[in-house]
Amino acid sequence: MLGTAGSGKSYLTAVLSSWLSDNQHSVIRVNLDPAAEWIPYSPDIDVRDYVDARRLMVEKGMGPNGALLAATDMLVSHLESIAGELKASGAEYAVIDTPGQMELFAFRATGPLVLKALTGGEKSIGVFLIDPAFVPRASNMLSAILLYYSVGARLKIPQIPVLSKADLLDAETLEEARSMLDDPVLFEEKLLEEGVEPGLLAVAKSLFEAYGGEALLGLVEASARTSRGVENLYAAIQQVLGGMEEPGAEEQL
Ligand SMILES: Nc1nc2c(ncn2[C@@H]2O[C@H](COP(=O)(O)OP(=O)(O)OP(=O)(O)O)[C@@H](O)[C@H]2O)c(=O)[nH]1
Ligand SMILES: [Mg+2]
């Protein structure tokens, strides 16, 4: 689960993993947030058992951001144990809830490193949550879209874009967002109206072209509050998994 702070990663982790186990899949929930105070599920694997950012603040007198940085970097020395726990579980699915401050995970060296160590060559998919606060203003949506592709470039795993907390958006707003996301001309018009500079307009246009006329191909609308869209998210996951090579297939060739 990836996404900006507060976008709903932990709640969707809870709901998706419950959905999976209700549907006879074995699943474990992994908390990767060393600074989480409270989590809406009980993690089967918890990085706070290895590094605790809150304790660093108290014991080393660090500020919140310094402690988070230190804790995220310290995670690296525990990767083998955490990956061992994950493998030993033998679960069919692991839902991994990433730290609130996405930039710490996605944009520092540790993120890709942690991801690679934990997934150990198994098929992995990023579920990228877009907060409804980005919707439906075109320039905000462009920011979210660029963030989505930027994380994809860093982590190099297939991603599924999810509009989270969809229960907070009324039908009209959702329709407005949808129509912009699959109509490059309308999207460009709105961007122009909102004063987005021409260089960025060209970037937006090329994204539409690159992804078959949709800025966020396969966007899933989901709500952890009502569970709406969770089944669609599962279907999207299956579709991506189906298109992926079997683990180790590359090496065998
Ligand atoms: N209405 C609504 N609120 C939600 C939903 N999912 C999460 N929230 C609320 O959004 C807030 C953040 O949700 P989290 O799941 O903690 O988000 P997060 O991305 O894990 O946040 P951090 O890890 O702290 O960055 C909480 O107060 C939730 O109650 C949803 O589907 N609908
Ligand atoms: Mg969280």
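The model is predicted; local features need pLDDT of at least 70, side-chain atom pairs count only at pLDDT 80 or more, and totals for chains, interfaces and linings use all residues. Residues are numbered from 1 along each chain as its sequence is written, with chains lettered from A and ligands numbered from 1 in the order in which they are written.

The largest nonpolar core holds 64 residues. Such a core is a set of buried Ala, Val, Leu, Ile, Met, Phe, Trp, Tyr and Cys residues joined through C-beta atoms within 7 Å. A residue is buried if 20 or more other C-beta atoms lie within 10 Å of its own, exposed if 12 or fewer, and partly exposed in between, with C-beta atoms placed from the backbone. Phe128 and Val162 touch the most other members of this core. Its largest share, eight residues, comes from helix 7 (residues 138–155). Helices (H or I, at least four residues) and strands (E, at least two) are DSSP runs, numbered from the N terminus. Neighbours within four places in sequence aside, Val162 is in contact with Val127, Phe128, Leu129, Ile130, Val220, Ala222 and Leu233. Contact here requires C-beta atoms, placed from the backbone, within 7 Å of each other.

Two helix pairs were examined. The axes of helix 4 (residues 79–89) and helix 6 (residues 110–119) come within 8 Å and cross at roughly 40°. Helix 4 is therefore oblique to helix 6. Axes are lines fitted to C-alpha atoms, for helices over the stretch in contact, and angles run from 0 to 180 degrees between N-to-C directions. Angles under 35 degrees count as roughly parallel, over 145 as roughly antiparallel, 65 to 115 as roughly perpendicular and the rest as oblique. The crossing of helix 4 and helix 6 is right-handed; that is, the near helix is turned clockwise from the far one by less than a right angle, anticlockwise being left-handed. Leu79, Ile82, Ala83 and Leu86 of helix 4 meet Val114, Ala117 and Leu118 of helix 6. The residues of this contact comprise seven nonpolar, no polar and no charged. Ala, Val, Leu, Ile, Met, Phe, Trp, Tyr, Cys and Pro count as nonpolar, Asp, Glu, Lys and Arg as charged, and the others, Gly among them, as polar.

Helix 7 packs on helix 9 (residues 184–193) at about 110°, with the axes 8 Å apart. Helix 7 is thus roughly perpendicular to helix 9. Ala138, Ser139 and Leu142 of helix 7 form the contact with Phe187, Lys190 and Leu191 of helix 9. Four of the contact residues are nonpolar, one is polar and one is charged.

Backbone geometry was examined in the loops. Pro136 lies between strand 5 (126–130) and helix 7. The Val135 to Pro136 peptide bond is cis, with omega near 5°. Gln24, in the loop between helix 1 (9–22) and strand 2 (27–31), has a positive phi near 65°. Gln24 is exposed, with 7 other C-beta atoms within 10 Å. Lys156 also has a positive phi, about 55°. Lys156 sits in the loop between helix 7 and strand 6 (159–163) and is exposed, with 11 C-beta neighbours inside 10 Å.

Gly121 and Pro247 are 126 residues apart in sequence and 5.9 Å apart, C-alpha to C-alpha. Gly121 lies in the loop between helix 6 and strand 5. The C-alpha atoms of Ser17 and Val230, 213 residues apart along the chain, are separated by 9.9 Å. Ser17 is buried, with 23 other C-beta atoms within 10 Å.

Methods: Two residues are in contact if their C-beta atoms, placed from the backbone, lie within 7 Å.
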